[in-house]
Amino acid sequence: MDSGSRRNEGITNVALMTRPILYSNRESGHSYKVALALRLMDVPFEQRAVDLNLPRERRPEDFRRVSLFGEVPVLVDEDGLAVCQSNAILDHLARRYGKLDGATPAARTRVREWLAWEANRLAMSFPHLRFSRRFTPAGETLEAYWTARMQADFDRLALALRGNAFLACDAPTIADVTCCGYLFWTDQAGVDLAPWPAIAEWLQRIRSLPGWQAPYDLLLASPPIEPGTRT
Ligand SMILES: N[C@@H](CCC(=O)N[C@@H](CS)C(=O)NCC(=O)O)C(=O)O
């Protein structure tokens with residue numbers, strides 16, 4: 001089935017499952033966000049690693065069937081509903097399990113402001129810089145652009161954390177999960193968090209949450225990203 005033709009009705013040929021399935025890749029912070037949310041929510045899940053070196057049309061058939069955009073992560077929930085886009089998945093999980101969310105309607109709105117900010121800002125700066133420095137170099141001009149954007153994004157995050165333990169609420173939410181997704185990998189991009197101690201302290205608070213695991217401990221092994229691969 002062409003993934004582009006899938007609609008949001010779910011997967012009709014997947015029997016009801018006892019645990020959700022997460023299609024992931026070991027180098028994908030977007031996949032890590034979802035895996036981490038499931039861990040922090042104490043929801044057992046099955047993980048299937050997708051080799052991102054393969055052209056999209058050669059990725060496994062079961063993945064292509066559920067992946068609307070051809071990317072990881074995709075979550076197939078216990079009802080067989082396939083959800084794409086990390087922040088849409090986080091929203092789905094928070095509503096489904098009633099965890100890692102704001103306690104009031106206003107707080108839930110604040111949480112989703114961060115999901116939108118992350119998708120438009122943070123996910124567009126640091127992850128690209130890290131990918132360029134670790135896997136496929138994109139050149140000095142782009143790296144300088146991403147670095148400047150990342151610094152502004154880190155400033156914004158640090159401002160939000162001034163006097164606050166977590167981003168949107170007093171307790172951790174999916175806002176924290178999405179924003180921390182790539183930030184356990186700052187060393188891979190040669191980025192020092194010293195100018196942003198509030199971020200380093202916040203990451204430490206997240207590390208100490210029950211169920212937390214580091215990205216490479218949580219994400220299933222998958223074939224290493226080959227030189228030249230772009231995501
Ligand atoms: N906006 C998407 C981004 C997903 C994304 O960029 N996935 C990358 C890995 S981190 C991917 O699957 N790349 C392979 C490809 O595009 O073929 C999300 O939040 O889930």
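Colleague: On what basis are residues numbered, and which pLDDT do local features need?

Modeller: Residues are numbered from 1 along each chain as its sequence is written. This is a predicted model, in which totals for chains, interfaces and linings use all residues, side-chain atom pairs count only at pLDDT 80 or more, and local features need pLDDT of at least 70.

Colleague: In which order do the elements of the protein chain run from the N terminus?

Modeller: Helices (H or I, at least four residues) and strands (E, at least two) are DSSP runs, numbered from the N terminus. The protein chain has eight helices and four strands. From the N terminus on, their order is β-α-β-α-β-β-α-α-α-α-α-α.

Colleague: How does the radius of gyration of the protein chain stand against the globule rule?

Modeller: The radius is taken over C-alpha atoms, and the rule is 2.2 Å times the number of residues to the power 0.38. For 231 residues the rule gives 17 Å, and the protein chain is as compact as a globular protein of that length because its radius of gyration is close to that value, at 17 Å.

Colleague: What percentage of the residues of the protein chain count as buried?

Modeller: A residue is buried if 20 or more other C-beta atoms lie within 10 Å of its own, exposed if 12 or fewer, and partly exposed in between, with C-beta atoms placed from the backbone. Of the 231 residues of the protein chain, the buried share is 39%.

Colleague: In which sense does β1 pair with β3?

Modeller: Two strands pair if DSSP finds at least two bridges between them. β1 and strand β2 (residues 46-49) meet this in the parallel sense over four bridges, with S24 opposite A49. Between β1 and β3 (residues 74-76) there are three bridges, and Y23 stands opposite V74. The sense of this β1 and β3 pairing is antiparallel.

Colleague: Which residues are closest to the ligand?

Modeller: The shell holds 13 residues, counted as near if the C-beta atom, placed from the backbone, lies within 6 Å of the molecule. It divides into three nonpolar, eight polar and two charged residues; Ala, Val, Leu, Ile, Met, Phe, Trp, Tyr, Cys and Pro count as nonpolar, Asp, Glu, Lys and Arg as charged, and the others, Gly among them, as polar. The closest are S28, H30, E71, S86 and T231.

Colleague: Which two residues does a cis peptide bond join?

Modeller: Most peptide bonds are trans. In the loop between α2 and β3, where P73 has its place, a bond has omega of about 0°. The residues joined by this cis bond are V72 and P73.

Colleague: Is D42 buried or exposed?

Modeller: D42 lies in the loop between α1 and β2, and its phi is near 60°, a positive value in a residue other than glycine. Most residues other than glycine have a negative phi. D42 has 10 other C-beta atoms within 10 Å, and therefore counts as exposed.

Colleague: Why does Q85 count as partly exposed?

Modeller: Q85 lies in the loop between β4 (82-84) and α3 (86-97), and its phi is also positive, near 75°. Q85 is partly exposed because the number of other C-beta atoms within 10 Å is 19.

Colleague: With which residues is C84 in contact, leaving aside its neighbours within four places in sequence?

Modeller: C84 is found in strand β4 and counts as buried, because 20 C-beta neighbours lie inside 10 Å. Its C-alpha atom is separated by 6.4 Å from that of P73, 11 residues apart along the chain. Two residues are in contact if their C-beta atoms, placed from the backbone, lie within 7 Å. For C84, these partners are S67, L68, F69 and V74.
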